[in-house]
Amino acid sequence: MPDIALAVLAISVLIVLVALLQPLSTRLSLPHSVLIAGLGIAIGSIGSATGAIGGGGPLSEFAHAVTGGEIRSEAILHIFLPILLFEAGLHMDVRRMMDDGATILTLAVVAVLVCSLVVGIALWGTSSHGLVLCLLLGAIVATTDPAAVIGIFRDAGAPRRLTILVEGESLLNDAAAITLYIVLVGLLTAGASAGHGEADAGGAPLLFLRFFIGGGLFGFIAGRLAFMVMRPLNRYPVAEVAFTLALPYIAYVVAERYLHVSGVVAVVTVALVVGSTGRVRISAEGWEGLEKVWALLGFCASTLIFIFAAMLVPEFLRDATVEDGVLLLVLISAAFIARAIVLWGLLPVLTWLKVAQPVSTPYRLVILWGGLRGAVTLALALAVSENPLLGTEATHFVVVLATGFVLWTLLINATTLRMVMRSLGLNALSPTELALRDRALHQAREGIAERIEEIAEEQHLSPEVAKEAAEAYRSRLSGLASRPFMLDPKERERMGLMALANRERDLVVEHFDQKLMSRRTTADLLAQVGRLHDAAMTGGRAGYLAAASRNIDFGPGFRLAIMLQRSTGWEGPLSGSIADRLEMLKVARMMIEMLKRHAEAEMRRLLGAEVWQSLDAVLTTRLDAIIAAIEALRLQYPDYERRMSERFLRWAALRLESAEYDELRNQQFISGEIYEDLQRDVGRLYETLQRRPQLDLGLGTAELVRRLPFFQGLSEERIEQICKLLKPIFAVPGEVIVQAGDRGDTMYFISSGAVEIGRGGRKFRLGRGDFFGEMALLISGRRTATVTAIAFCKLLALTARDLSVLASAHPDLRRTIAEIARARSAETERTISALGEEEAV
């Protein structure tokens with residue numbers, strides 16, 4: 001059999017063995033990574049032994065098929081590492097990771113630097129090797145293995161936040177450690193090629209920052225560009241998945257080879273970009289396929305890289321000495337001390353500065369003990385052994401100690417991590433979770449007991465048998481019934497709000513998958529739901545309502561669009577922002593109405609009538625605010641709101657039509673050819689609906705001037721002259737247009753909408769045809785009142801300079817403005833005086 005065929009067979013057998021190790025790890029209560037490492041070491045030992053004694057046979061052939069072709073670090077790092085990093089980043093919950101962003105960055109980036117420094121100094125003082133080489137070993141052993149520890153967490157039922165912290169640390173930790181490794185190797189090889197031991201390390205910090213930050217920037221840009229390139233592939237799910245297969249390799253090679261920045265950081269960043277926004281930028285079919293394909297690739301890559309690296313362990317440790325054993329103890333102690341410095345020294349400082357959430361002592365103990373090392377550490381050690389410029393002693397020092405440290409964490413830390421978690425109580429449900437679990441079990445089992453009797457009747461089974469089975473099932477409820485539902489109503493309400501946020505997220509994703517909303521709206525709503533969940537978790541009802549209010553406020557993008565319209569007259573961004581807002585509000589209204597039905601059907605049963613009423617009131621408050629916001633837009637743009645409603649209904653009709661064809665195809669009423677033809681018609685119609693109707697803001701100056709009674713009766717020539725002096729302005733509800741005390745140089749005519757004037761403790765409103773802000777211009781003083789928009793307003797602004805031009809050309813208009821201003825000022829003064837007399841009485 002040719003060697004290549006034997007190698008393919010050997011790798012296939014490895015994958016089969018790895019798959020079979022999963023149930024074995026469960027049976028033996030050992031981490032899967034420990035068994036994989038054991039398999040790799042066994043294969044490496046067999047290969048070394050058969051090679052040394054010249055043995056033959058199938059076992060020898062298998063071992064040499066895997067190990068005979070030299071395993072090189074470049075193959076491991078360039079073939080497997082991009083897959084490993086991309087798959088890990090793709091499934092990271094970026095929003096949850098950002099909640100602990102400061103903590104994760106400290107554990108990942110700062111901890112790598114601290115580990116390299118502490119280990120480097122400790123070994124520098126106890127060995128004969130130089131400081132840079134010792135720092136290099138510190139960087140190599142700073143990489144933690146997410147696959148090893150997360151599997152243990154999952155089996156042990158670790159809290160979600162603890163898993164997020166360790167996942168985020170492991171992902172970014174590899175990027176930081178490998179970047180530092182490249183910098184330090186460069187210093188060592190530069191010194192060796194120059195004829196002395198080590199190069200000057202003064203520029204290392206800047207080099208590290210350039211590698212790390214440069215890789216991150218390139219990865220972010222590459223991720224965004226990837227979505228632009230993928231846009232035409234939206235109707236081709238297989239092509240979308242294929243595109244993502246090439247993406248990590250392109251990012252890695254371009255960053256390393258052409259931009260000379262960290263390819264590892266670039267791949268991690270690309271993965272986070274795709275994972276955080278791909279759900280709404282890739283078709284539902286493409287995303288489902290992408291998740292499955294990358295889960296398989298990640299499993300294969302992580303296991304194969306671990307096996308290939310572990311196979312080198314026998315060779316690495318073949319020449320180990322007693323002195324190496326002593327240095328290994330120093331390395332283990334220093335690595336744990338470095339990790340403890342970060343966990344008990346730096347994290348409390350971040351909490352004190354209020355830039356990070358507190359991390360409990362049990363969490364810190366598990367993170368300390370759970371810093372397992374694995375394939376990446378061994379692969380970097382292999383890369384050192386292949387570098388001829390580092391010398392035999394240096395490579396022996398790095399390879400033996402790194403390998404010994406990996407074995408220590410796998411054989412000691414990994415095998416005892418579950419026991420540590422149990423002793424700290426981190427695998428047990430909290431009292432809140434236990435109470436909700438009991439409630440859910442009671443509700444579910446009671447309903448199932450009733451259903452058993454119905455099934456027996458449907459299947460014509462004996463009533464006695466049905467009764468016995470139902471009673472046996474109800475007996476399982478006796479223990480739960482004896483424990484009252486002790487959870488505090490406020491806590492139940494908080495849990496209910498979090499559950500509603502999770503359900504709302506599912507509804508948003510379902511409607512996007514059914515093509516009932518645009519990608520932009522889906523992304524906005526998912527971000528809003530994330531804020532609702534986090535606010536409910538930390539602030540309960542008050543936090544949830546505050547987040548809901550912020551969700552319908554005018555965001556920075558909307559404000560920027562208004563600034564562009566006012567400063568440049570460019571209406572495009574503002575028109576798009578208003579259209580986005582209307583679409584988002586209408587979909588959000590639909591989501592909340594569905595949530596209200598869900599809350600009544602499920603929450604009342606699980607959390608009790610009192611909590612259900614509270615949740616319903618919260619949803620009603622949200623719904624009222626959204627309806628008011630929609631009504632404000634509808635009053636300003638009724639025709640556009642009607643066209644958007646019609647578009648949504650046509651969108652829903654197309655989805656129903658597509659579902660009907662699916663059902664006909666499933667029932668074999670139509671052939672595959674007919675089905676594809678019908679779905680192509682639906683797809684073409686759907687593409688036309690993707691193009692949203694254009695919104696005309698109606699800010700044409702001439703049109704606005706003609707609406708004003710103040711200028712009616714003027715000739716077209718005079719209106720044209722006035723239009724040249726007036727500037728159209730758009731204002732949103734709640735916006736302060738004029739602030740009392742400011743020096744004013746502009747007056748405003750209200751073409752549509754309404755404003756509220758606040759002066760001297762009194763408030764009154766002005767509407768279409770009125771004007772305000774003229775007093776500061778007429779008397780050249782400061783503003784005497786605050787003016788706030790209470791609806792969407794179309795205004796015409798007239799500056800002091802243009803007022804002089806208008807007055808010289810049309811003195812009658814100036815006199816009219818002055819007369820109205822004097823009358824308004826006198827009326828206001830009389831009102832304020834009357835209010836003062838009432839207060840005195």
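Let me begin with a definition: helices (H or I, at least four residues) and strands (E, at least two) are DSSP runs, numbered from the N terminus. Arginine 604, to take one example, lies in helix 25. What we are looking at is a predicted model, in which local features need pLDDT of at least 70 and side-chain atom pairs count only at pLDDT 80 or more, while totals for chains, interfaces and linings use all residues. Residues are numbered from 1 along each chain as its sequence is written, and side-chain values use heavy atoms, with hydrogens and water left out.

First, the overall picture. The secondary structure of the protein comes to 33 helices and eight strands. Of its 841 residues, 49% count as buried, where buried means under 20% relative accessible area, exposed means over 50%, and partly exposed is in between, using a 1.4 Å probe and protein chains only. If we take contacts, meaning heavy atoms within 4.5 Å, between residues at least 6 apart in sequence, then 79% of them join residues at least 24 apart.

Now to the nonpolar cores, each being a set of buried Ala, Val, Leu, Ile, Met, Phe, Trp, Tyr and Cys residues joined through side-chain atoms within 4.5 Å. The largest has 131 residues, and the members that touch the most others are Phe86, Leu123, Leu136 and Phe397. Helix 9, which covers residues 160–193, gives this core its largest share, 16 residues. There is also a second, separate core of 75 residues, and Ala536, Ile626, Leu697 and Leu803 are included in it. Going back to leucine 136, we find that, without counting residues up to four places away in sequence, it touches Tyr181, Leu184, Val185, Leu188 and Val384.

Let me turn to helix pairs. Axes here are lines fitted to C-alpha atoms, for helices over the stretch in contact, and angles run from 0 to 180 degrees between N-to-C directions. How do the axes of helix 17 and helix 18 cross? Helix 17 (residues 375–385) and helix 18 (residues 392–424) have axes that come within 9 Å and cross at roughly 165°. That makes the two helices roughly antiparallel, given that angles under 35 degrees count as roughly parallel, over 145 as roughly antiparallel, 65 to 115 as roughly perpendicular and the rest as oblique. On the helix 17 side the contact is made by Thr377, Leu378, Ala381, Val384 and Ser385, and on the helix 18 side by Thr395, Val398, Val399, Ala402, Thr403 and Val406. These residues divide into seven nonpolar, four polar and no charged, where Ala, Val, Leu, Ile, Met, Phe, Trp, Tyr, Cys and Pro count as nonpolar, Asp, Glu, Lys and Arg as charged, and the others, Gly among them, as polar.

Helix 23 (residues 519–551) and helix 25 (residues 572–607) pack at an angle of about 60°, with their axes 10 Å apart, and are therefore oblique to each other. Here Arg520, Thr521, Leu525, Gln528 and Asn551 of helix 23 meet Asp580, Glu583, Met584, Val587 and Ala588 of helix 25. By class, this contact of helix 23 with helix 25 has four nonpolar, three polar and three charged residues.

Residues up to four places away in sequence aside, arginine 604 touches Ala599, Ala609 and Trp612. Arginine 604 and leucine 615 are 11 residues apart in sequence, and their C-alpha atoms are 9.4 Å apart in space.

The last pair is helix 27 (638–666) and helix 28 (residues 672–690). These two pack at an angle of about 170°, with their axes 10 Å apart, and are therefore roughly antiparallel to each other. Their contact has nine nonpolar, four polar and five charged residues. Glutamine 679, in helix 28, is buried, with a relative accessible area of 17%. Its contacts, leaving aside neighbours within four places in sequence, are Ser658, Tyr661 and Asp662.

In the loop between helix 27 and helix 28 we find glutamine 668, which has a positive phi of about 65° although it is not a glycine. At 59% relative accessibility, glutamine 668 counts as exposed. Histidine 260, in the loop between helix 11 (237–259) and helix 12 (263–281), has a positive phi too, of about 55°, and is not a glycine. Histidine 260 is partly exposed, with a relative accessible area of 47%.
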